[in-house]
Amino acid sequence: MNKIFKLFTAVALIAFMGTFSACKKSFDNPPGAADPAIVANTSIQQLKALHTVAGAYDVITSDIIISGVVVADDKSGNLYKQLFIQDSTGGLQILLDANSLYGTYPVGRRIFIKCNGLCISDYNGLMALGVKATVAGLPSQEGIPGNLISNYVIGGSLNNPVVPKVVTVSQLGTNMQNPYLGTLIQLDGFAFTVPTGTYSDTSAYKSTVNRDIKNCSNNTIIVRTSAYANFAAQPVATGRGTILAIYTTFGTTKQLLVRDTTDIRFTDPYACPLPPGTLLSEDFESIGANNLTLNIPGWKNIGEVGNIPYQNAVFGPVKCAKVSAFSTGAANVSSWLISPAVSLAGAVTPKLTFTTAGGFNVGATTFKVFVSTDYNGGNTPSTATWTQLPATIATAPASGFGSFVGSGNVDLSAYNNQTVYIGFRYDGGDPGRTTTYELDDVKVMKN
Amino acid sequence: MTPKPKLCLLVFVLSGFFITGAFAQVKDTLPVRDSILESLKDNLLDNIPVISIDENDGQDGSAQNISSQLSAGRDPFLNAATFKFSAVRFRIRGYDADQFGTYINGVPMENLDNGFTPFGQWGGLNDVLRNRETTIGMDPTTFAFGEMGGLTNFDTRASRQRKQTSFNYALSNRNYVHRLMLTHSTGLNKKGWAFTISGSRRWADEGFADGTYYNGWSFFGAVDKRFNDRHLLSFVAFATPTENGRQGSSVQEMIDIAGNNFYNPFWGYQNGKKRNASVAKSFQPIGILTHDWKISDKTTLVTAGSFSFGKRSLSGLDWYNAADPRPDYYRYLPSYQLDPAYAAQMWDEMKSDVNKRQINWDALYNTNYASYESVYNANGIQGNTVSGRRSHYILEDRVVKTTKYNFNSTLNSTISEHVIVSAGITYQAQVNNYYKEIDDLLGGDFYVDINQFAERDFPTNPDAGQNDINRPNRILYEGDKFGYDYDINIKKGSAWLQGVFKFRKIDVFIATENSFTNFFRKGNVRPGLFKDDSYGKSTTHSFFNSSIKGGITYKIDGRNYIFANGSYASRAPFFENAYLAPRTRDFVQGDLKSEEVGSIEAGYVMNAPKLKLRATGYYTQFKNQLNVITFYNDEFRNFVNYAISNIGRVHTGVEFGAEAKVYRGLSVNAAAAVGKYFYNTRQLATVTADNSSQLLSVNDVVYSKNFYVPTPQNAYTIGLDYRSPQFWFINVNFNFFDRMYLDFNPVRRTEAASSGVEEGSALWHDIIDQKRLDNQYTLDAFAGYSWMMNRKFKSMKKRTYLVFNVGVNNILDNRNIVSGGFEQLRFDFAEKNTNKFQDRKFFAYGINYFASIGLRF
């Protein structure tokens with residue numbers, strides 16, 4: 001009994017020891033972001049005005065404080081070690097020597113920068129705020145060193161909206177002080193000039209890539225994308241519409257930086273809206289490099305027999321479509337280029353016009369134009385009903401190319417109020433029927 | 001002094017062939033009950049630094065990183081090696097921990113995955129671990145064939161515990177500050193029952209190093225039943241749930257900035273409270289059932305089985321598309337700045353602002369607060385979108401769940417006056433389950449089971465980033481498993497036989513062991529990058545191994561002995577060294593074969609009343625060793641694995657220990673270990689990254705010949721002991737350590753690392769040469785007093801002692817003792833800048849103490 005009592009006592013004592021200093025660790029969650037008690041005393045525009053000589057390193061020696069909302073961060077990887085902020089007067093690139101900045105300074109966060117000791121300079125016309133560094137006797141502008149960032153940059157509240165300014169390309173100047181530089185802007189009605197390929201370099205070289213976008217008034221501007229962006233390998237948007245971007249410049253070259261692909265809202269059809277009275281218009285100006293297979297959004301390019309599709313033709317300023325059996329080794333070639341569906345609803349005397357040119361006339365090659373109302377959009381157009389249209393087709397010279405010849409007005413009145421497809425068919429063969437034909441400026445007019 | 005290898009082999013062969021008659025060695029292998037001094041020293045040991053050696057350790061079986069392999073008996077050398085040399089992580093004969101074995105009540109305790117002994121599983125149970133049998137080197141034992149370095153068997157059975165109650169409180173300034181310990185043993189009663197219970201709590205709100213803490217419990221229960229003279233059945237069970245915030249090594253630059261050799265990069269302030277990111281937790285209870293059967297007066301059979309299960313974990317930060325949160329990341333250091341003015345400014349800044357050199361928890365939370373994201377096709381369901389605060393930083397637990405069975409049976413029989421035969425069979429099975437678990441989302445709503453680096457590297461392969469394509473885009477909450485998840489399954493069976501032959505002048509023994517080991521990996525998830533090489537069971541790898549050892553002792557007289565032992569063993573590779581990257585796939589090293597170890601030792605022992613002395617020389621050669629080193633490489637932003645093969649090592653040297661009684665209670669002790677531990681082959685390195693399916697390099701030659709194994713090659717101590725007849729003692733020792741080296745990075749010794757650098761130039765030497773550390777010294781003192789209270793309080797019936805102990809280590813407060821360190825495993829191949837990824841070091845504690853007061857009755 002005594003033993004049991006002792007055992008019990010010992011167990012009780014051990015349990016008692018547990019009541020000493022419990023050091024179970026528990027931690028409160030720290031508070032979230034809020035605007036600090038700091039007031040900006042200088043606008044971004046005023047700060048930028050201090051930098052007047054391109055290439056100079058203007059170290060700020062007074063207690064300037066600016067404030068702005070982050071409009072671009074490094075989340076997608078298109079920007080690296082930099083942010084863009086803007087206030088109501090302008091935008092500015094901020095160089096910070098740290099990565100994954102978006103964790104601390106995401107888009108929409110208001111930040112305050114104590115500029116005393118920082119340096120404002122420009123890289124080929126684009127102004128940035130950073131530090132002046134001297135390495136091996138050479139001055140340069142660098143990002144604020146990682147562990148010093150919090151001495152200069154103070155984070156404020158989150159999710160501050162910034163409304164992009166809707167602008168036109170001509171409003172965007174390349175003067176260092178241009179108020180749009182470094183800000184979030186919006187352009188409407190743009191599309192990639194060549195709507196194929198990826199946003200940036202997918203090779204091991206990881207080069208940054210400039211892609212042109214263009215509106216229907218033929219204003220172009222560059223969209224510049226880093227190969228390190230997480231969307232670098234995505235195919236570019238194929239439609240047309242609105243783009244949001246940070247406006248930057250490199251010398252006199254205007255460049256846009258998108259934050260990610262959600263900035264590219266090209267959701268409208270690629271084709272430019274047609275002028276009144278025009279039902280179809282294709283001038284082949286958006287095609288890519290010479291001799292590549294022709295690829296026009298909405299058009300079908302089918303090498304139905306012999307698998308010889310139409311190609312891009314680019315010579316001098318001229319861009320058009322071409323097709324030839326020459327040197328293809330295909331004994332029989334039948335190739336179609338078919339327009340998108342054209343609605344003739346409400347047309348009065350609809351008519352088709354186009355131009356052709358021919359070259360290196362060999363044998364009984366033919367180039368004909370047809371119309372169909374029952375083509376199903378498939379890859380075997382010969383199964384549809386096609387009616388040949390009377391049009392003037394260029395006659396090819398025996399060597400070299402002839403001039404473009406107008407088709408004359410091809411009347412489509414018989415198809416009023418119907419939906420039609422215009423098909424261009426090339427018939428040839430190698431060898432013996434290898435004449436080359438070129439096609440340009442296809443139009444269908446209401447009257 | 002050092003014999004030539006060929007000669008050694010010859011001696012070994014001779015010793016093998018000419019053993020015909022025989023014996024029992026005289027050296028002290030009898031169970032030893034510790035004196036007060038030893039028990040005090042034990043206490044010191046279980047409270048030595050907890051240091052992270054690399055990101056991946058903490059897998060040595062314990063939350064507590066106990067460096068010492070052995071508990072000393074009365075051998076003066078062992079005593080020194082265990083207690084006096086521990087500050088610099090001295091390893092006996094330079095051996096790895098897997099060369100030392102530990103048994104408790106007859107069952108082997110080592111982990112089958114790496115051969116280490118999980119000392120932490122019985123930490124804090126000092127009271128019940130006093131009965132032990134220790135051998136050093138290749139001496140024969142009565143309970144196992146043994147390892148190359150030595151063996152310890154603890155006998156914790158209730159009937160072997162002294163009948164008493166003891167209550168003890170200790171105060172220290174090391175890992176823990178307070179310890180309470182209570183033990184009660186009943187002794188064997190008339191009905192044949194004996195009980196022991198013991199418990200302790202060790203804790204510190206902050207340990208020696210900033211930001212560390214400790215909270216450990218230990219529980220022990222034992223019951224014995226003696227059925228008659230022949231049968232004793234014993235059961236013991238113990239558990240040590242422990243949690244501690246750890247100290248990490250760091251680079252010299254951070255140490256200089258912090259102005260503190262004990263700078264700890266693992267902690268930071270959260271809301272003004274210190275929080276440690278590296279928290280080790282461990283709870284792995286064990287039960288052992290032992291049957292001791294005295295078959296006859298001359299023969300005993302001890303059969304024991306054990307079962308252990310539980311989990312240990314180590315926490316750490318993980319991050320997704322976010323800046324590296326570790327404060328001593330090389331890009332955050334002043335040396336990364338090109339402009340010296342900013343480097344200087346940053347230095348000042350980091351010096352004056354503690355938050356800039358510690359983890360900024362508040363910033364991690366704020367990043368997660370600000371992160372509103374949508375995950376598409378969440379949980380693998382098309383069109384399912386989960387939106388919210390996606391954590392970019394989390395605290396993860398890297399968990400190892402272990403289940404271990406051991407069975408062991410040992411027969412000892414005295415066949416004649418001259419012959420003692422021992423034999424045993426052992427079966428061990430272990431399953432470890434490795435996975436990661438979300439510990440804390442740090443203010444976010446969820447995390448996603450995605451490998452961002454594979455996702456980034458294979459933008460066109462949507463599967464590549466998935467940690468488990470069976471459950472893609474899994475949304476994770478606290479407590480969820482994620483990342484990797486695999487089991488290892490190891491089984492080992494062995495049998496051994498030993499004959500000890502004793503004659504008047506000569507004792508001889510010979511022993512052999514054969515074992516069979518197999519293991520396989522089982523993947524529980526299917527990572528996108530390794531669809532076909534991860535999920536399910538891998539090939540089973542099997543090994544058959546044999547070992548033989550023998551020895552001879554010549555008894556000059558009853559006090560002077562000369563002995564020589566030799567052994568040759570083949571050993572299956574450890575699981576840990578076999579798999580290239582077990583977290584993601586089941587590839588093994590190309591040349592997966594058993595390693596071979598040959599060793600000889602010879603020495604002189606003197607056991608005179610006034611002088612105890614032992615001097616031993618040894619020569620050991622390891623062949624075909626394998627190793628896998630894993631570390632975090634931020635270039636890959638993932639774990640990179642170096643699978644090293646063809647490791648050959650030579651360990652040779654002399655050990656000396658002596659204790660001489662000088663005058664009355666005064667004695668002098670001295671010990672020295674003078675050795676040379678070096679690699680004697682060119683190793684081959686195959687490099688893989690967890691997030692890349694490619695072999696980054698295959699069998700790169702590492703020019704590692706003659707590099708040193710990083711433990712002090714030389715260690716010396718000399719001291720004085722005084723034992724008063726008035727029941728007190730004092731001991732002072734001065735210790736000196738020489739020829740210590742930094743662990744080296746194999747890729748820095750490849751052709752690629754030095755190509756283009758002029759041979760013999762300063763840079764070339766800087767890249768290639770192994771770094772030698774400064775010589776070090778420490779001064780330690782111990783004192784104790786045992787007061788028998790009955791002398792004062794005559795009314796007390798029982799003999800009651802009040803015991804005071806105090807030990808002070810490193811009295812001279814030498815704060816520059818680099819107790820270990822390693823070159824970072826990254827190397828700047830492009831610029832050959834050896835300072836870019838600086839060496840990481842850790843330091844032995846400055847002056848530190850351990851004082852206790854105990855009541856025994």
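What percentage of the 857 residues of chain B count as buried? The answer is 54%. This is a predicted model, and the predictor gives the complex an ipTM of 0.75 and a pTM of 0.81.

## The two chains

Chain B has 857 residues. Its secondary structure comes to 10 helices and 44 strands.

Chain A has 447 residues, and 39% of them are buried. It carries 3 helices and 30 strands. The radius of gyration here is 33 Å, well over the 22 Å from the globule rule, so chain A is more spread out than a compact globule. Its C-alpha atoms fill a box of roughly 115 × 80 × 50 Å along the principal axes.

In chain A, take the contacts with a separation of 6 or more: 72% of them join residues 24 or more positions apart. In chain B, among contacts between residues at least 6 apart, 71% link residues at least 24 apart.

| Chain | Mean pLDDT | Residues with pLDDT of at least 70 |
|---|---|---|
| Chain A | 90 | 94% |
| Chain B | 86 | 91% |

## Inside chain A

How is chain A divided into domains? The assignment gives domain 1 (44–155), domain 2 (165–268) and domain 3 (278–445). The centres of domain 1 and domain 3 of chain A, taken over C-alpha atoms, are 56 Å apart.

Strand β20 (residues 311–315) and strand β21 (residues 318–323) of chain A run antiparallel and are joined by 5 bridges. Within this pair, Val314(A) stands opposite Lys319(A) of β21(A). The hairpin of β20(A) and β21(A) has 2 residues between the strands, and Gly316(A) takes a positive phi near 55 degrees there.

β21(A) also pairs with strand β30 (residues 436–445) of chain A, in the antiparallel sense, over 3 bridges. Here Lys322(A) has Glu438(A) of β30(A) as its bridge partner.

## Inside chain B

Helix α3 (residues 76–84) of chain B is mostly covered. How many of its 9 residues are buried? The count is 9 of 9. The buried residues of α3(B) include Phe77(B), Leu78(B) and Phe83(B). Asn79(B), Thr82(B) and Lys84(B) are buried too.

Chain B also holds an open sheet of 3 strands, in the order β13-β43-β42, with antiparallel pairing. β13 (250–251) and β42 (818–822) of chain B stand at the edges with a single partner strand each, so one side of each has no neighbour in the sheet. β42(B) is joined to strand β43 (residues 840–843) of chain B by 4 bridges, and the two run antiparallel. In that pair, Gly820(B) has Phe842(B) of β43(B) as its bridge partner.

## Where the chains meet

The contact takes 42 residues from chain B and 36 residues from chain A. On the side of chain B that touches chain A, the elements giving two or more residues are β7 (178–185), β8 (193–204), β9 (213–226), β15 (273–276), α5 (340–352) and α6 (361–369) of chain B. Which element gives the largest share of this side? That is α6(B), with 7 residues. By type, the chain B side divides into 19 nonpolar, 14 polar and 9 charged residues.

Conventions:
Residues are numbered from 1 along each chain as its sequence is written. Chains are lettered from A and ligands numbered from 1 in the order in which they are written. This is a predicted model: local features need pLDDT of at least 70, side-chain atom pairs count only at pLDDT 80 or more; totals for chains, interfaces and linings use all residues. Two residues are in contact if their C-beta atoms, placed from the backbone, lie within 7 Å. Ala, Val, Leu, Ile, Met, Phe, Trp, Tyr, Cys and Pro count as nonpolar, Asp, Glu, Lys and Arg as charged, and the others, Gly among them, as polar. Domain bounds come from an automatic or database domain assignment. A residue is buried if 20 or more other C-beta atoms lie within 10 Å of its own, exposed if 12 or fewer, and partly exposed in between; C-beta atoms are placed from the backbone. Two strands pair if DSSP finds at least two bridges between them. The radius of gyration is taken over C-alpha atoms; the globule rule is 2.2 Å times the number of residues to the power 0.38. pLDDT is the predictor's confidence in each residue, from 0 to 100.
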